[in-house]
Amino acid sequence: MIDHLIAGFGAALSLTNLVFIAGGIALGIVIGAIPGLGSVTAIAVLIPLTYYMPPVTAIAFLVGVNKGGTSGGAIPAILLNSPGTPEAAATALDGYPLARKGEAMRAMKFALFSSVTGDTISDLLLIVLVVPFAAIALEFGPLEYTSVLIFSFALLSGVSAGSTAKALIAICLGVFLATIGLDPVESSPRMTFRMIELYDGLPLAALSIGALAMASVLQEMIDMWRRPQQMADTGGKIAFTRTVLPIGEFFSHWKTIGRSAMIGSVVGMLPGLGVSLAAFLSYGAAKRADADPESFGKGNPKGIIATEAANSAVVGANLVPTIALGVPGNIAAALLVGAFMVHGIVPGPFMLTMHGDVVYALFASMLMANGVHLLIGRMGIQIWGWFAKLPKGMVLPPVLVMCIVGIYLPTQSLFDVGVMLAFAVVGVVMGRAGFPVVCLVIGFLLGGLFETSLRQTLLLYRNDYSAVFQSPIAIVFLVLTVFILGRSALRS
């Protein structure tokens, strides 16, 4: 393997590759920081540009876009409390409070360093464990996926600030909204009201950006309308009293970094679970393991580290099922599969034997991309910090426009813009009533997968609920679910 990897570095280490990797990461960070766009949209738009590139350069460029886009979403989450991507929603829980304490620069450094470190650990695991871990993923059927998702919902309700009951209600509402559209089994329309736009369900980007980013902007504008003197405030409530983050202080959180990278890697290796789930699982694990769990949600750096290390670790790990099985781990990996096939490379069990040189050159490119990501991201923090010092009255209108443009451009649908505005109002109302909006978004995000897995399980086992006892994996996750909900009930 070492010989193959050295040969891969020899093939990948060229000025052309480095330029395209740097360009991909810079584009990804900028696009990831714009609410509504994100790395998936960027990859989809940029794939045609790679048609005339060599395969290694093309895939490395797109992987750079994915890496930059995943970490870029943390920037508005920290500075504006408006995550650029759904997976950065958990970053806002502690990133924004830390920024309000005057440590916005430190918060962005924690996010960047965690992202690069988690990504590097994930890439190394990808190289070492690509084949054996793909075999483990094959053991997960619909029953196991269902139990994992139920556990995820329970964990999410347990880590959310405020009432567990309200968090569960918000999750159930999200799952309910995910059922709008065509039935995944019978293909019959459900709650579409004869509107063709609803046949594919509510648009995820419009719902998530509306409920999270737009709702936050609306709330800020309402506060400014009530207290006009805030128009002159710099960066809303952001100050820069502490900016230095010694590398020793960052690595003093090595337990959180390692645990979060492993959670993100394992979730990334299981197709379909997604980046957002990894972020919230990791956040919950960090909160439970901390000696002062009440400090989470109030600006604890471990909350940022846990989220960013985990969601970036998914980027490398989701290539495990993609390369070994030809099964994409998430939407971004699915787009990369398309890019592989454009260049005549078919992902799957024979990819390592037929295109081993390309695969190991890709591994080398991913490791090099992490160094480039650290360099570009570190320089960019100063620029983003300058934007954060602008008066709130100058920042919010462009963010509002970017949200609308970001939703309209990919589909050119005014219906999607309307959905976004509607859920912005829903987000404001839920926030004032004490219901966690993030739980609604995550419930919607995972709702389709949950319904499909549950119905496949019921069909496969013919409604025999005792089938749960045939799967040790399902038993473990369901016992953990009961434990988490029971503990939350005792605390409330």
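A: Helices here are DSSP runs (H or I, at least four residues), numbered from the N terminus. The model is predicted, so local features need pLDDT of at least 70 and side-chain atom pairs 80 or more, while totals for chains, interfaces and linings use all residues. Residues count from 1 along each chain as its sequence is written, and side-chain values use heavy atoms, leaving out hydrogens and water.

Helix 12 (residues 254-269) packs against helix 13 (residues 275-289) at about 150 degrees, axes 9 Å apart (lines fitted to C-alpha atoms over the stretch in contact; angles run from 0 to 180 degrees between N-to-C directions). Helix 12 brings Thr256, Arg259, Ser260, Ile263, Gly264 and Val267 to the contact (heavy atoms within 4.5 Å), and helix 13 brings Ala278, Leu281, Ser282, Ala285, Ala286 and Ala289.

Asparagine 370 has a relative accessible area of 3%, so it counts as buried (under 20%, with a 1.4 Å probe and protein chains only). Beyond its neighbours within four places in sequence, asparagine 370 touches Lys67, Val116, Asp119, Thr120 and Asp123. With two of these, its side chain makes polar contacts (N or O atoms within 3.5 Å, one able to donate a hydrogen and the other to accept it): one of 3.0 Å to the side chain of lysine 67, and one of 3.3 Å to that of threonine 120. And although alanine 22 is 348 residues away along the chain, its C-alpha atom is 10.0 Å from that of asparagine 370.

Notes
Helix = DSSP H or I, 4+ residues; strand = E, 2+ residues; numbered from the N terminus. Buried < 20%, exposed > 50% of the residue type's maximum accessible area, 1.4 Å probe, protein only.
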